[in-house]
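Here are a few friendly notes to read alongside the model. Take them one at a time, and keep the 3D view open as you go.

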Amino acid sequence: MKKYISGILFSITVLVFSSFILINRADDSASFKQEFLNLINKTRAKGCNCGDTYYPPAPPLVWNSDLEEAAKGHAKDMARRNYFSHESKDGRTMNTRIVTAGYVFKGWKSFMIGENIAFGQTSIPEVMAGWFKSEGHCKNLMNPGFKEVGVAENSKYWVQDFGGREPFSEEQQRLIKSGKYRLIQKN
């Protein structure tokens with residue numbers, strides 16, 4: 001009987017401890033996402049210079065889990081294989097990684113994607129400051145066509161994937177369904 005009670009107490013202790021770890025990871029993940037969104041959207045709200053070009057205020061970005069998964073995969077791959085590039089060692093491009101992660105263009109009026117990468121920074125403010133100081137990275141951050149973002153870090157490899165999809169209007173959807181509006185995909 002004593003072993004039975006000890007076993008139950010041990011199981012409860014493990015369950016409580018596991019739940020605590022999962023809650024902390026969820027809190028860390030939410031904090032990570034919120035810190036990135038706050039830093040990006042603060043600058044997008046006021047506008048900024050990217051190199052010599054001024055970019056006016058842009059709408060806030062929202063977090064997208066498919067873009068986050070693409071970013072996680074690329075950050076992990078760069079860390080594991082020890083390289084730094086927008087092209088994976090196996091030849092996959094940003095486009096392939098993002099679409100494979102589930103951020104697809106089918107069913108949308110317009111579709112655009114972009115990517116920022118960095119290596120060596122130790123904090124979110126540090127990597128964001130570097131990206132805003134870099135003209136090309138800053139242009140991605142301030143691009144009003146981008147509506148969504150997902151970011152990941154693995155062993156000081158940072159990946160920030162952007163997406164912008166515009167839905168068809170209700171009227172356009174009605175015309176497409178009726179066959180009066182035809183879609184043509186451009187390459």
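1. A disulfide is a pair of cysteine sulfur atoms within 2.5 Å. Cys 50 and Cys 138 form one, with their sulfur atoms 2.1 Å apart, and the structure holds one disulfide. The torsion about its S-S bond is about -60°, so the disulfide is left-handed.

2. A word on what you are looking at. This is a predicted model, in which local features need pLDDT of at least 70 and side-chain atom pairs count only at pLDDT 80 or more, while totals for chains, interfaces and linings use all residues. Residues are numbered from 1 along each chain as its sequence is written, and side-chain values use heavy atoms, leaving out hydrogens and water.

3. Where do Cys 50 and Cys 138 lie? Helices (H or I, at least four residues) and strands (E, at least two) are DSSP runs, numbered from the N terminus. Cys 50 lies in strand E1 (residues 48-50) and Cys 138 in helix H5 (residues 135-142), so the pair ties together parts that are 88 residues apart in sequence. Cys 48 is in no disulfide; its nearest cysteine sulfur belongs to Cys 138, 3.7 Å away.

4. Are these cysteines buried or exposed? Buried means under 20% relative accessible area, exposed over 50%, and partly exposed in between (1.4 Å probe, protein chains only). Cys 50 and Cys 138 are both buried, and Cys 48 is buried with a relative accessible area of 14%.

5. Now for the sheet. Two strands pair if DSSP finds at least two bridges between them. Four strands make an open sheet of mixed pairing, in the order E3-E5-E6-E4. Strands E3 (62-63) and E4 (110-119) stand at the edges, each with a single partner strand, so one side of each has no neighbour in the sheet.

6. Look at strand E5 (residues 148-154) next. E5 runs parallel to E3, joined to it by two bridges: Val 62 has Glu 148 as its bridge partner, and Trp 63 stands opposite Val 149. With E6, the pairing of E5 is antiparallel, over seven bridges, and Glu 153 stands opposite Trp 158 there. The hairpin of E5 and E6 has two residues between the strands, and Ser 155 takes a positive phi near 50° in it. Five of the seven residues of E5 are buried, so E5 is largely enclosed by the rest of the structure.

7. Axes are lines fitted to C-alpha atoms, for helices over the stretch in contact (heavy atoms within 4.5 Å), and angles run from 0 to 180 degrees between N-to-C directions. Helix H2 (residues 65-81) lies across E3, E4, E5 and E6 (157-166), at about 25° to E5. H5 packs on the sheet, touching E4 and E6, and its direction makes about 140° with that of E4.

8. Which residues touch the most other members of the largest nonpolar core? Such a core is a set of buried Ala, Val, Leu, Ile, Met, Phe, Trp, Tyr and Cys residues joined through side-chain atoms within 4.5 Å. Of its 22 residues, they are Phe 36, Met 128, Trp 131 and Val 149. Helix H4 (124-133) gives the most to this core, with five residues.
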